[in-house]
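Hi everyone, thanks for coming. Please take a look at the screen, and then I'll walk you through what we can say about it.

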Amino acid sequence: MKKGETPKVSKKVLKGFNADDIYSITRPIKEARNKAIIAMLVDCGLRAMELCPLTIESVGETSILVQ
């Protein structure tokens with residue numbers, strides 16, 4: 001195995017959301033709670049499992065404590 005070369009794996013760059021994509025996601029959502037959840041997931045890059053255990057105490061004026 002010392003003489004063998006490791007195969008090169010191409011790096012895949014993921015395309016992010018633009019303003020139109022986010023608008024089309026949030027447009028049909030009418031409840032403020034659901035809009036806030038979508039905004040937290042998209043803007044902060046949180047996973048759903050990181051968002052669910054958040055409490056009022058973990059959300060500050062300028063920061064969010066995610067565990």
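**A walk through the model**

Let's begin with Lys35, which is partly exposed, with a relative accessible area of 40%. Here, buried means under 20% relative accessible area, exposed means over 50%, and partly exposed is in between, using a 1.4 Å probe and protein chains only. Before going on, a word on the source: this is a predicted model, where local features need pLDDT of at least 70 and side-chain atom pairs count only at pLDDT 80 or more, while totals for chains, interfaces and linings use all residues. Residues are numbered from 1 along each chain as its sequence is written, and side-chain values use heavy atoms, with hydrogens and water left out.

Back to Lys35, which sits in helix α2. Its C-alpha atom is separated by 36 Å from that of Ser10, 25 residues away along the chain. Ala36 is also in helix α2, and at 40% relative accessibility Ala36 counts as partly exposed. From Ala36 to Leu51 is 15 residues in sequence and 11 Å in space, C-alpha to C-alpha.

How well does the span of helix α2 agree with 1.5 Å a residue? The helix has 13 residues (32-44) and should span 18 Å, and its end C-alpha atoms are 17 Å apart, which agrees. The expected span is 1.5 Å times one less than the number of residues. Just after α2, Gly45 takes a positive phi of about 70 degrees.

Now for the overall picture. The protein has 3 helices and 0 strands, running α-α-α from the N terminus. These elements are DSSP runs numbered from the N terminus: helices are H or I with at least four residues, and strands are E with at least two.

What is the radius of gyration of the protein? It is 19 Å, whereas a compact globule of 67 residues would have one near 11 Å. That radius is taken over C-alpha atoms, and the globule rule is 2.2 Å times the number of residues to the power 0.38. Along its principal axes, the C-alpha trace spans about 60 × 30 × 20 Å. Buried residues make up 10% of the 67 residues.

Ser58 is one to look at: it is buried, with a relative accessible area of 12%. Ser58 lies in the segment after α3 (48-51). A polar atom of the Ser58 side chain lies 2.8 Å from the backbone oxygen of Thr55.

Methods:
A polar contact is a pair of N or O atoms within 3.5 Å; within protein, one must be able to donate a hydrogen and the other to accept it, and residues adjacent in sequence count only if both atoms are side-chain atoms.
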